Amino acid sequence: MRYFAELDENNIVINAWASDNGPNESNENIIEYSVDNSITNNQPSVGYTYDSNLNAFIPPQPDPTYILNTQTFEWEPDENLEYDLHGDGKLYRYSKEVNGWIPTWDPE
């Protein structure tokens with residue numbers, strides 16, 4: 001089985017599919033990928049951007065302060081910033097040590 005992603009003019013994934021053969025037509029906007037990351041880094045989903053320099057499909061950035069991890073090709077919160085995750089005025093920061101969010105306020 002072979003896997004393909006079709007990109008628009010901005011390198012945004014608009015379609016992804018599997019086929020026993022190659023694409024029906026020659027198109028420079030079609031990128032072949034693999035599910036085991038042996039052809040490209042990361043698998044595409046509609047809305048992801050293909051970055052040819054990284055040879056990776058990058059998900060949309062969830063927040064302008066998030067930083068792209070070029071090893072995992074995922075966006076990570078900036079550990080130096082605090083975020084109001086729930087819109088309730090309580091701030092949290094991301095911690096790689098616990099792989100999650102910790103409050104920066106005293107919950108007591």
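**View 1. A network of salt bridges links E76, E79 and K96.** The model shown here and in the other views is predicted. K96 forms a salt bridge with E76, with 3.6 Å between the closest N and O atoms. E76 belongs to strand β7 (residues 74–76) and K96 to the loop between β8 and β9, so this pair ties together parts that are 20 residues apart in sequence. K96 also forms a salt bridge with E79, where the closest N and O atoms are 3.8 Å apart. This second pair links distant parts of the chain as well: E79 is in the loop between β7 and β8, K96 is in the loop between β8 and β9, and they are 17 residues apart. E79 counts as partly exposed, at 28% relative accessibility.

**View 2. Strands β8 and β9 form a hairpin.** Strand β8 (residues 92–95) pairs with strand β9 (residues 100–103) in the antiparallel sense, over 4 bridges. Between the two strands there are 4 residues, and N99 takes a positive phi near 55° in this hairpin. Within the pairing, Y94 stands opposite W101 in β9.

**View 3. The ring of W101 pairs with the ring of Y83.** The structure holds 7 aromatic pairs. In the pair of Y83 and W101, the ring centres are 5.4 Å apart and the planes are at 85°, an edge-to-face arrangement. Y83 lies in the loop between β7 and β8 and W101 in strand β9, so the pair ties together parts that are 18 residues apart in sequence. W101 forms an edge-to-face pair with Y94 too, because their planes are at 75° with the centres 5.5 Å apart. Y83 is buried, with a relative accessible area of 9%, and Y94 also counts as buried, at 13%. W101, at 30%, is partly exposed.

**View 4. Three strands form an open sheet in the order β2-β1-β3.** The pairing in this sheet is antiparallel. The edge strands, β2 (13–19) and β3, each pair on one side only. On average, neighbouring strands are turned by 25° against each other, direction ignored. Strands β1 and β3 are joined by 4 bridges, and Y3 stands opposite Y33 in β3. In general, the strands of a sheet pair through backbone hydrogen bonds.

**View 5. A salt bridge joins the side chains of R2 and E32.** The distance from N to O is 3.0 Å. R2 lies in strand β1 and E32 in strand β3, so the pair ties together parts that are 30 residues apart in sequence. Both residues are partly exposed: R2 has a relative accessibility of 33% and E32 a relative accessible area of 27%. The structure has 3 salt bridges in total.

**View 6. The largest nonpolar core is made up of 8 residues.** These are A5, L7, V13, I31, Y33, Y48, Y50 and F57. Two or more residues come from each of the elements β1 (2–7) and β3 (30–33). Leaving out residues up to four places away in sequence, V13 touches A5, E6, L7, P44, S45, V46, G47, Y48 and F57. Y33, Y50 and F57 also belong to an aromatic cluster, together with Y3. Nonpolar side chains tend to be buried together in soluble globular proteins.

Technical notes
Residues are numbered from 1 along each chain as its sequence is written. This is a predicted model: local features need pLDDT of at least 70, side-chain atom pairs count only at pLDDT 80 or more; totals for chains, interfaces and linings use all residues. Side-chain values use heavy atoms; hydrogens and water are left out. A nonpolar core is a set of buried Ala, Val, Leu, Ile, Met, Phe, Trp, Tyr and Cys residues joined through side-chain atoms within 4.5 Å. Buried means under 20% relative accessible area, exposed over 50%, partly exposed in between (1.4 Å probe, protein chains only). Contact means heavy atoms within 4.5 Å. Two strands pair if DSSP finds at least two bridges between them. Axes are lines fitted to C-alpha atoms, for helices over the stretch in contact, and angles run from 0 to 180 degrees between N-to-C directions. A salt bridge is a side-chain nitrogen of Lys or Arg within 4 Å of a carboxyl oxygen of Asp or Glu. Rings of Phe, Tyr and Trp (its six-membered ring) pair if their centres lie within 6.5 Å; planes under 30 degrees apart count as stacked, over 60 as edge-to-face and the rest as tilted.
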